[in-house]
Amino acid sequence: MAPRRPEPAATDTFGAVTELAPFVSFLSDYGTRDEFVGVCKAVMLELAPHLQFVDITHEVAPFDVRGGALTLVRAIQYLPSGIVLAVVDPGVGTERRAIAVEVENGVLIGPDNGLLAPSVAMLGGASRVFALDNAEYQLPAPGGTFAGRDVMAPAAGHLAAGVPIEELGSEADPNSLVPGLLPLPQEGDDGRIDGEVLWVDRFGNCQLNIDPDMFIARAIAPGDGVELHIGAEIRRARWVDTYASARPAELVLVTDSYGLVSIALDRRSAAEYLNAAIGTPVVVVPPDLPGALAAGEVPVRLGPPEGSRPAESRPERNREEGSP
Amino acid sequence: MAPRRPEPAATDTFGAVTELAPFVSFLSDYGTRDEFVGVCKAVMLELAPHLQFVDITHEVAPFDVRGGALTLVRAIQYLPSGIVLAVVDPGVGTERRAIAVEVENGVLIGPDNGLLAPSVAMLGGASRVFALDNAEYQLPAPGGTFAGRDVMAPAAGHLAAGVPIEELGSEADPNSLVPGLLPLPQEGDDGRIDGEVLWVDRFGNCQLNIDPDMFIARAIAPGDGVELHIGAEIRRARWVDTYASARPAELVLVTDSYGLVSIALDRRSAAEYLNAAIGTPVVVVPPDLPGALAAGEVPVRLGPPEGSRPAESRPERNREEGSP
Amino acid sequence: MAPRRPEPAATDTFGAVTELAPFVSFLSDYGTRDEFVGVCKAVMLELAPHLQFVDITHEVAPFDVRGGALTLVRAIQYLPSGIVLAVVDPGVGTERRAIAVEVENGVLIGPDNGLLAPSVAMLGGASRVFALDNAEYQLPAPGGTFAGRDVMAPAAGHLAAGVPIEELGSEADPNSLVPGLLPLPQEGDDGRIDGEVLWVDRFGNCQLNIDPDMFIARAIAPGDGVELHIGAEIRRARWVDTYASARPAELVLVTDSYGLVSIALDRRSAAEYLNAAIGTPVVVVPPDLPGALAAGEVPVRLGPPEGSRPAESRPERNREEGSP
């Protein structure tokens, strides 16, 4: 599950009763305020006491399947071989089946709602898929079913304890799975790139769904400035090759540590500065394009009205606002 | 400690030096911003390096002994055999003694303030109780005592390392322990049930202190609507047997995964929609009761005043407001 | 790494392939919402699957090197022998080199920005220091370097797997490290102590950079009251020797569990009550000093203006406000 890592270590050092490595990497939207995560781990440990957990995060926004899928796919290539348990609850009244997806070095367990799909694809695709419908490997619930605790955690625990995956339920066609939907940027004939914010991390960096190769294809070179249309605002940002090239308080574009273009601001939250969030549209206009602000494109500023200043002066002013 | 689980796994796979399983399930009101939880774990690992931790939660509201007790009792039947460490600090000036409570498959450690009581009862009661008053098994503090770090974590670590429980301090009478106080619903002669919100989970589901058997005793059948008096509001909710039976945006009552009645709303926070929180009184009025809104019971609505509409029409209208 | 602990336990019970104990104590400003912490752990486990983690905290405020250094130094003496990984990101454009600092029973890994310095000092100083500049022991990044994931976690994993520390990079002079800057209190000739709030914990206790020995040197005895100037407010607080001596709702000073003077309030947040935060100046005026409020020192109250009341009555009134 970690194709790019140097020296993939042997992971059967615990003398495990199964060939699956004894790790469960766990992602959910359960939060950490309630006991959900702990109870799921307890259920797994009861079945496979040798298990070790890696918490990816449990703070996926409630019901945010796309956000969870993006988080998982950012992490997936680094996770240890073994089991991945990913639960983003699809909400009342929309019960998806739970599935176990066999990949080369492990098994991914989660709901069939697109959450796992991008990660499975990055790992080379599913070899087999099983619906977790064998009640023998589930916990009886005192009331309504809590799928993480009663269906998915027991499946992970039984797998880790050596139960073959085909025991967990009926086989399903990998092509029948709900696909993951990731937004692709649109590239205009005039060189513009219509992207959006994929992720705002804790530090306020805004990862875009834009590959740096798109910049290279437009002959944008390190040091060049581009225009960013973010919501109704227009900003200038410089494309730099390392964070260290950023000047204090300068809005920059960098290739982030995941290989995508991110908007960053030195020691401050770019997201807060730009009033941007996940899903905010971001248009990148290369520097050699004729005036990005044609007639009819007067930007609506987020700040207070500027009184008597003529409207046509605003774009120019905005362009100089790269640093706050 | 897990009477309902299938195939209780052997838990001595680490060749532990004691018969106690090598797990510490840990609940506290320490939060995760400070280093409290990590330091307590470090203290335990220093004494028993083979220990594995299961974090139940550390986000019990500060000083909220009842909330902590309810969280622990929801989790307890799922926790692995071994040690449970539960700390909800009783606050300055009210130092409770710390205790170790021996139960069938393990030991619960915590303050004697009612935090452990419901869980001990669910596990079949205490066989022996010891006050953690033997200073030999405590850490010297550089200043005031931090009971989790200096008294309770060392007790857990020493127990896990094979120290007999009776070494940790003087034996106490189980009947001398501070009891846990859980709110019971009141059942009126006319069929009403006066309950309250026990727990609001991350998704906004509101668990009530009401058992579904009370509904069955009132001949409320799946699909029936009941009236809910929540604070000053009146709402209609349908009693459904599974979440999947809920219609989009419909307020429903379900037996939750803990076996109690919960108020839920499809993919939205019922708590937010109802302005409900832990402790909010909730009255359930069965459908066959004569008009729940008798004279003198005009509901005080939370919304803006409704102008000239006659007051007696409001209840009817409220009843239709099941979906927002 | 734990000089004060009783019975330092043997930590090589896993038959580790190295003499380093198999623990990584991990502190960062990564938060838990993103996947950063999980990915760093995954990278370490891939290299050293026997590792156990102790999370100190990951909620150091972003870029807050001083706050992180203080948290680490509060925890350090309790951490198990082995590796400490501490990452507080110095922000865009200010890349510090990453270092590994060898101490008596372990290795501390982190940026060279003062984060590790106080802890290294408390552990007796560095024996050797290495810059993590050997790319052979780093992960290739798909884009910009994520120092925790690509440099520091691999260093920790390789160390735990038996790679000698000198392989990780070039040796550095311990005296060339960026020092940690901790604020010292100033002691006036008249007995006053000018300190500040070092830390506000989850419960609102305010730890000061004041040692209780300074109180003893001023003949302040348990039970005595002192005057606190906190920001523009003046409060009276009693110096008590245990939390249990505090009266309900009384503002007290206690020696906290780290051996420093803290301001506390029974079951309430002293920080909220006093409107105090990390860095808030706090002046302690001993009880035998002549009137702390000389001419020209009229306190500026935070509350609304008090109209016609004569200014000279305010101090007296403030002094009585110890309990809210």
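In which strand of chain C does Ser262(C) lie?

## Ser262(C)

Ser262(C) lies in strand β14 of chain C, residues 261–265; strands are DSSP runs of E of at least two residues, and helices runs of H or I of at least four, numbered from the N terminus. This is a predicted model, in which local features need pLDDT of at least 70 and side-chain atom pairs count only at pLDDT 80 or more, while totals for chains, interfaces and linings use all residues. Residues are numbered from 1 along each chain as its sequence is written, and side-chain values use heavy atoms, with hydrogens and water left out.

Ser262(C) counts as buried because its relative accessibility is 3%, the cut-off being under 20% (1.4 Å probe, protein chains only). The side chain of Ser262(C) makes a polar contact with that of Asp256(C) at 2.9 Å; a polar contact is a pair of N or O atoms within 3.5 Å, and within protein one must be able to donate a hydrogen and the other to accept it, with residues adjacent in sequence counting only if both atoms are side-chain atoms.

## Interface of chains C and A

Chain C contributes 38 residues to the contact and chain A 42, contact meaning heavy atoms within 4.5 Å. One salt bridge is counted between the two chains, and a salt bridge joins the side chains of Arg74(A) and Glu35(C) at 2.8 Å, N to O; the rule asks for a side-chain nitrogen of Lys or Arg within 4 Å of a carboxyl oxygen of Asp or Glu. Across this interface, 14 residue pairs are in polar contact, both at pLDDT 80 or more.

On the side of chain C that touches chain A, α1 (36–47) and α4 (147–160) each supply at least two residues. The largest share, nine residues, comes from α1(C).

Terms used:
Chains lettered and ligands numbered in written order. Buried < 20%, exposed > 50% of the residue type's maximum accessible area, 1.4 Å probe, protein only.
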